[in-house]
Amino acid sequence: MTAADRPAPPAASFPAAPPWSGSLSWSGAPAAPPAPRWRRLATPAGVLAAVAGAFTYVGIVDPNHPGHYPVCPLYRFTGLYCPGCGGLRSAHAFAHGDLAAALHDNAPAVAGYLLFAVLWAVWAARAWRGRPMRLALGNAQMWVVGALLLVFTVVRNLPFGAWLHP
């Protein structure tokens, strides 16, 4: 039997468009009921609890006293400040409500705390409504963030950027 003699394959068993009428799923089985709100909020609540626990720990254990946290390897071996240097001191000051000290220790970290708060609130609101959270950063946004952190790092390590040292 040659390829020309074989019968054509059967047509697809699914319709061209999903059956949106009624409460049937795509396969024709009854659709699963939506998850209860407490289950939809479990992951955002868990993330918030982990972040709150980390901030509580850093708020209690002062990073300004040596010996509690490891030293930044870049600073230890080169004497240069990385973009994260001062982040723990910034979190400690932020946890104690001292925004000026938090900004002085690491301004991008404070921006990150505020960005996290906004994104978490949007995530929790979408989970409450049963909608998935979608965060899609394109290449342009990632390059902008990287460039800003690079400029911050270079400026804080130059003599005129000493005011950005943690």
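This is a predicted model: local features need pLDDT of at least 70, side-chain atom pairs count only at pLDDT 80 or more; totals for chains, interfaces and linings use all residues.
# A chat about a helical chain

Me: Where is Val 47 found, and which residues does it touch?
Reply: Val 47 is found in helix H2, which covers residues 42-60, and, when residues up to four places away in sequence are not counted, it touches Phe 116 and Trp 123. The C-alpha atom of Val 47 is also separated by 8.7 Å from that of Trp 120, although these two residues are 73 residues apart along the chain.

Me: Zooming out, how many helices and strands are there in the chain?
Reply: The protein chain has 6 helices and 0 strands, and from the N terminus on its elements run α-α-α-α-α-α.

Me: And how much of the chain is buried?
Reply: Of the 166 residues in the protein chain, buried residues make up 17%. The chain exposes about 12000 Å², and carbon and sulfur atoms supply 70% of that area.

Me: What share of the contacts join residues at least 24 apart?
Reply: If you take the contacts between residues at least 6 apart in sequence, 47% of them join residues at least 24 apart.

Me: OK, which residues are in the largest nonpolar core?
Reply: The largest nonpolar core has 9 residues, namely Val 58, Val 61, Tyr 69, Ala 91, Ala 93, Ala 102, Ala 109, Val 110 and Tyr 113. Helix H4 (87-95) and helix H5 (99-129) each supply at least two residues of this core, and H5 gives the most, with 4 residues.

Me: What does Val 110 touch?
Reply: Leaving out residues up to four places away in sequence, Val 110 touches Ser 90, Phe 94, Leu 99, Ala 102 and Leu 103, and among these Ala 102 is itself a member of the largest nonpolar core.

Me: Switching to helix H6, why is Leu 149 put in its accessibility class?
Reply: Leu 149, whose place is in helix H6, has a relative accessible area of 33%, so it is partly exposed. Apart from its neighbours within four places in sequence, Leu 149 is in contact with Pro 83 and Pro 108, while its C-alpha atom is separated by 9.2 Å from that of Cys 82, 67 residues apart from it along the chain.

Me: Then what about Thr 153, buried or exposed?
Reply: Thr 153, also found in helix H6, is buried, because its relative accessible area is 15% and the cut-off for buried is under 20%. A polar atom of the Thr 153 side chain lies 2.7 Å from the backbone oxygen of Leu 149, and, not counting residues up to four places away in sequence, Thr 153 touches Tyr 81, Cys 82 and Pro 83.

Me: Last one: which residues make the nonpolar surface patch?
Reply: Leu 150, Val 154, Leu 158 and Phe 160 make a nonpolar surface patch of about 390 Å². Phe 160 is found in the segment after helix H6 (139-157), and Phe 160 counts as exposed because its relative accessible area is 59%, where exposed means over 50%.

Terms used
Residues are numbered from 1 along each chain as its sequence is written. Side-chain values use heavy atoms; hydrogens and water are left out. Patches are made of residues with over 30% relative accessible area and no salt bridge: like charges are joined within 9 Å, nonpolar side chains (Val, Leu, Ile, Met, Phe, Trp, Tyr) within 5 Å. Accessible areas come from the Shrake-Rupley method with a 1.4 Å probe; for residues, only the protein chains shown count as cover. A salt bridge is a side-chain nitrogen of Lys or Arg within 4 Å of a carboxyl oxygen of Asp or Glu. Buried means under 20% relative accessible area, exposed over 50%, partly exposed in between (1.4 Å probe, protein chains only). A nonpolar core is a set of buried Ala, Val, Leu, Ile, Met, Phe, Trp, Tyr and Cys residues joined through side-chain atoms within 4.5 Å. Contact means heavy atoms within 4.5 Å. A polar contact is a pair of N or O atoms within 3.5 Å; within protein, one must be able to donate a hydrogen and the other to accept it, and residues adjacent in sequence count only if both atoms are side-chain atoms.
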